[in-house]
Amino acid sequence: MKEQCINIRQACVLILMCIFTNKILLLPSLMFEEAKADAFFAVIVLFLLDIVVLPIFIKLKTMYPDKRLFEILSKKISPILTKFIYCVFAVYFMFKCLLVFSITYVYFKQQIYQDEIIWLILISGIPVINHAIMSGVRAFSRTIELLKWAVLIGFVSCLAFSLFTDLSMPFFFVSTSGEFFSSIFNHIFSFGDYIFLFVVIDRIEIKKGQEKQLYISSIIGMLLVGMLFFLFYAKYQVTAFMHNNALADILVFSVQFNAIGRLDIIAMLTIMFITLFQLEIYSYAFCDCVLNIFPKLNKIFSIVVFDIIFGILYYVFIGKYEILVGSSQFWSPWLGLFVNYLFPIVCLIIILLARRKKNEKTD
């Protein structure tokens, strides 16, 4: 599978897109409802918990440079338990796709079309996503790498233009400890930004000394998201819960900028690219999990399974935006807790036991 390997630069842009996932539109508003502007510090705590996972991934990759995650887990904890973990992964990545799609769909429906356009979006978007899955991680990661500067410039431009609007220092330290930690727990699912790297661990080429690039890319993404939260709460000190599209809503300009035209087109294009890339990443991860659970089946089968399950879950079960967002805050924290934190702990135990065994042989 050498042709499917990605280099460190492409791994970095994948991390960047994952860090943006479900954090730049609705999340600032949801977290404000629970912890007010202190949600800014809750995001920092969640990012710190996330970045602790990165050295675990790097060490696992160093110890098993050419092994698939499925092979590592099967050897260390049994094939049956490994398949269970991959089933949980498949559910996790599917609901990542659903949440990304639903939130962005509502944004574009409100901003552009004003009408129900779900079938138009599905007919135009699903083939692109399917093609990315079929082409492989290397193909779509190279596409993301080529367009990363467009995304970054668009994101930074939104933050920069917001500085010309009315901003004031957010009201910090107004929530209780219960509200603060509740906000952290309820939105764990929106984080877990490195889990995708574990799934494609055998397809990432990391040379000695390149690990720091992963940290640099992570810090850049986290700083951008952190700045978005701060500026959003600085602009909407009291009414942040009413604004569900943070990256676009910070571009609401005063009268003196009306002659420039609709600058929110910058946010629209940025959100469009980010959403497409995120859907490609998580749909690919879902299909990879399916192929590991059913190794005798091919990639086309996994794509068909993704399309069918995605369509049924979205249209029949959780097609309504309010139901999806509400249910995601009820069950998704537990799913996020397992995948984002308990799974890396399992990997850490595997690393420690392997190191101990190696030291015993050396002695």
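**Exercise 1. A lysine without a partner**

Task: Lys61 is buried yet has no salt bridge; find which side chain of opposite charge is nearest, and how far away it is.

Solution. 
- Step 1. Note that the model is predicted.
- Step 2. Lys61 sits in helix H4, residues 53-63.
- Step 3. Look for the opposite charge. The nearest such side chain is Asp66, 5.5 Å away.
- Step 4. Apply the cut-off. A salt bridge needs a side-chain nitrogen of Lys or Arg within 4 Å of a carboxyl oxygen of Asp or Glu. Lys61 has no salt bridge.
- Step 5. List the contacts. Leaving out residues up to four places away in sequence, Lys61 touches Ile201, Asp202, Ile204 and Ile206.

**Exercise 2. Salt bridges**

Task: How many salt bridges does a search of the whole structure find? Work through the pairs of Arg9, Arg68 and Arg203.

Solution. 
- Step 1. Take the total. The search finds five salt bridges.
- Step 2. Start with Arg9. Its partner is Glu145, and the closest N and O atoms are 2.9 Å apart.
- Step 3. Locate both ends. Arg9 lies in helix H1 (residues 8-20) and Glu145 in helix H8, so this pair ties together parts that are 136 residues apart in sequence.
- Step 4. Check accessibility. Arg9 is partly exposed, at 45% relative accessibility. Glu145 is buried, at 17%. Buried means under 20%.
- Step 5. Move to Arg68. It forms a salt bridge with Glu71, with 3.3 Å between the closest N and O atoms. Arg68 is partly exposed, with a relative accessible area of 29%. Glu71 is also partly exposed, at 34%.
- Step 6. Finish with Arg203. Its side chain meets that of Asp202 in a salt bridge, 3.3 Å from N to O. Both Arg203 and Asp202 are buried. Shared partners join Asp202, Arg203 and Asp288 into one network of salt bridges.

**Exercise 3. A leucine in H8**

Task: Is Leu152 buried or exposed? Which residues does Leu152 contact, leaving aside its neighbours within four places in sequence?

Solution. 
- Step 1. Find the residue. Leu152 belongs to helix H8.
- Step 2. Check accessibility. Leu152 has 13% relative accessibility, so it counts as buried.
- Step 3. Find the contacts. With those neighbours left aside, Leu152 is in contact with Leu16 and Leu224.
- Step 4. Compare sequence and space. Leu152 and Ile220 are 68 residues apart in sequence, and their C-alpha atoms are 9.9 Å apart.

**Exercise 4. Positive phi**

Task: What phi values do Ser78 and Phe173 take, and where does each residue lie?

Solution. 
- Step 1. In H5 (residues 69-77), the buried residues are Leu69, Phe70, Ile72, Leu73 and Ser74.
- Step 2. Step past its end. Just after H5, Ser78 has a positive phi of about 100 degrees. Ser78 is in the loop between H5 and helix H6 (79-113). Its relative accessible area is 31%, so Ser78 is partly exposed.
- Step 3. Turn to Phe173. Its phi is positive, about 60 degrees, although Phe173 is not a glycine. Phe173 is in the loop between H8 and helix H9 (177-186). At 70% relative accessibility, Phe173 is exposed.

**Exercise 5. A loop methionine**

Task: Where is Met242 found, and how far apart in space are Met242 and Met227?

Solution. 
- Step 1. Locate it. Met242 is in the loop between helix H11 (211-235) and helix H12 (246-249).
- Step 2. Check accessibility. Met242 is exposed, with a relative accessible area of 55%.
- Step 3. Take the distance. Met242 and Met227 are 15 residues apart in sequence and 19 Å apart in space, C-alpha to C-alpha.

Notes:
Residues numbered from 1 in each chain as written. Predicted model: local features only at pLDDT ≥ 70, side-chain atom pairs only at ≥ 80, totals over all residues. Heavy atoms only, no water. Helix = DSSP H or I, 4+ residues; strand = E, 2+ residues; numbered from the N terminus. Buried < 20%, exposed > 50% of the residue type's maximum accessible area, 1.4 Å probe, protein only. Lys, Arg positive; Asp, Glu negative; His and termini not counted. Contact = heavy atoms within 4.5 Å.
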